[in-house]
Amino acid sequence: MISLNLSVPLAVDFNDAADYFIILSNLLIATSSVLVAVLVVLSIICKKSLRSENRFMFMLNTSISDTLTGLGGYYIGLFDVQDSYPSRNGTYFILPSLRGVNVLTIVFAQVDRFVAVSYPYTYSRYITRTVVIVVCFFCWFYTYFFLLVQNLITIEMAAKMNAYAILIFQVMIIAKVLMNVKLYLIAKYQIAREPPGPERDSKKESLRLIIVVVVCFLALWTPYFYYIIVVQLTRSSYMFRNNASDPLAMMVRFTATCTPGLYIWGSPALREAVLKTVWGRVCPPLRKR
């Protein structure tokens, strides 16, 4: 048994092989999240052509959140932490709230793609990069202003606010699914009528990417979401000792790897920037490819 003098105890006791597996899994998830998300952040920041497109600003916003989620994963994945009501060695919900930033950003990204395809003239006139940056900032402000209020009031009131927040997220999940269906129909019928060209290809690429990202996000995040609802409605205790040993919570943290990974997979422009702008500086031969 490993014993360390820590103010916050480790997540496991290292009494059997499963404990080592839990720690290793959390370390891999946290490390992969940081590495993949940082690649996206650096690529967009360093490439002016990417920063000029609104869709990449939304990718940048979620990737910054995913980077912080990965860094926070080292604490949640290694130590005995339960961010809940009641909390144990928690982060005052600072780390879990990063998921809220991602949910809001992806919803706005879906709306952005919907307007871009359905109302192209209105979009080019009113939806500027400044507007998108303000929207991305709003995602952070709203999420953490709500959290600040929660941390300043009583636990009972905070628990009620958290219940309302879960209800809002449930409505947003339904909205995301409906928006996905709408975007699919647009991609199938309207874009097919446009003449071939770079603009059409860009619209098809961004629509396909946002649909895939939303589907994967929901697949990884929804089980944990409904698990929390069941726990709160039944007033039962959590099945798992802490967040590190909770496989549903691990799935949620894995979205911080999956989302930026899908960005790189689904966007040739971003993939080229990752290879040539970021990795090209580390390994110069990649710039020549």
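Residues are numbered from 1 along each chain as its sequence is written, and side-chain values use heavy atoms, with hydrogens and water left out. Because the model is predicted, local features need pLDDT of at least 70 and side-chain atom pairs count only at pLDDT 80 or more, while totals for chains, interfaces and linings use all residues.

Phe137, Phe138, Phe141, Tyr142, Phe145, Leu148, Leu152, Ile153, Met157 and Ile168 make a nonpolar patch of about 1,000 Å². Patch residues have over 30% relative accessible area and no salt bridge; nonpolar side chains (Val, Leu, Ile, Met, Phe, Trp, Tyr) are joined within 5 Å, like charges within 9 Å. The areas come from the Shrake-Rupley method with a 1.4 Å probe, and for residues only the protein chains shown count as cover. Two elements give two or more residues each: helix H6 (129-152) and helix H7 (155-189). Helices (H or I, at least four residues) and strands (E, at least two) are DSSP runs numbered from the N terminus. The largest share of the patch, 7 residues, comes from H6.

Next, the rings. The structure holds 12 aromatic pairs. Rings of Phe, Tyr and Trp (its six-membered ring) pair if their centres lie within 6.5 Å; planes under 30 degrees apart are stacked, over 60 edge-to-face, and the rest tilted. Take Phe108 and Phe138. Their ring centres are 6.3 Å apart and their planes stand at 75 degrees, so this pair is edge-to-face. Phe108 lies in helix H4 (residues 97-118) and Phe138 in helix H6, so the pair ties together parts that are 30 residues apart in sequence. Phe108 is partly exposed, at 29% relative accessible area. Phe138 is partly exposed too, at 37%. The scale here is buried under 20% relative accessible area, exposed over 50%, and partly exposed in between (1.4 Å probe, protein chains only).

Phe141 and Phe145 give a stacked pair, 5.6 Å centre to centre with 15 degrees between the planes. Both residues lie in helix H6, 4 residues apart, about one turn of the helix. Phe141 is partly exposed, with a relative accessible area of 47%. Phe145 also counts as partly exposed, at 47%. Ring pairs build a cluster as well, linking Phe108, Phe138, Tyr142 and Phe146.

Now the charges. Side chains of opposite charge can pair when their charged atoms come close. The structure holds 5 salt bridges. The criterion is a side-chain nitrogen of Lys or Arg within 4 Å of a carboxyl oxygen of Asp or Glu. Asp13 bridges to Arg241, with the closest N and O atoms 3.6 Å apart. This pair links distant parts of the chain, 228 residues apart: Asp13 sits in the segment before helix H1 (17-46), and Arg241 in the loop between helix H8 (198-234) and helix H9 (247-266). Asp13 is partly exposed at 28% relative accessible area. Arg241 is partly exposed at 44%.

Glu53 and Arg55 form another salt bridge, 2.9 Å from N to O. Glu53 counts as partly exposed at 28%, whereas Arg55 is buried at 9%. Arg113 and Asp112 meet at 2.7 Å, N to O. Both Arg113 and Asp112 are buried.

On a 1 Å grid over the protein atoms alone, a cavity is a set of points where a 1.4 Å probe fits but cannot get out; a pocket is an open set with protein on both sides within 12 Å along at least five of seven lines; lining residues have an atom within 4 Å of a point. Points are joined across faces, edges and corners, and a volume is the space filled by probe spheres set on them.

The largest pocket holds about 790 Å³. It has 37 lining residues, and those closest to its centre are Pro96, Ser97, Arg99, Asn162 and Phe169. Helix H3 (54-78), H4, H6, H7, H8 and H9 each supply at least two residues of this lining.

There are 3 cavities of 30 Å³ or more. The largest cavity has a volume of about 130 Å³. Among its lining residues are Arg55, Asp112 and Arg113, which brings back the salt-bridge partners Arg113 and Asp112. Phe58, Met59, Ser206 and Tyr263 also line this cavity. H3, H4 and H8 each supply at least two residues of the lining.
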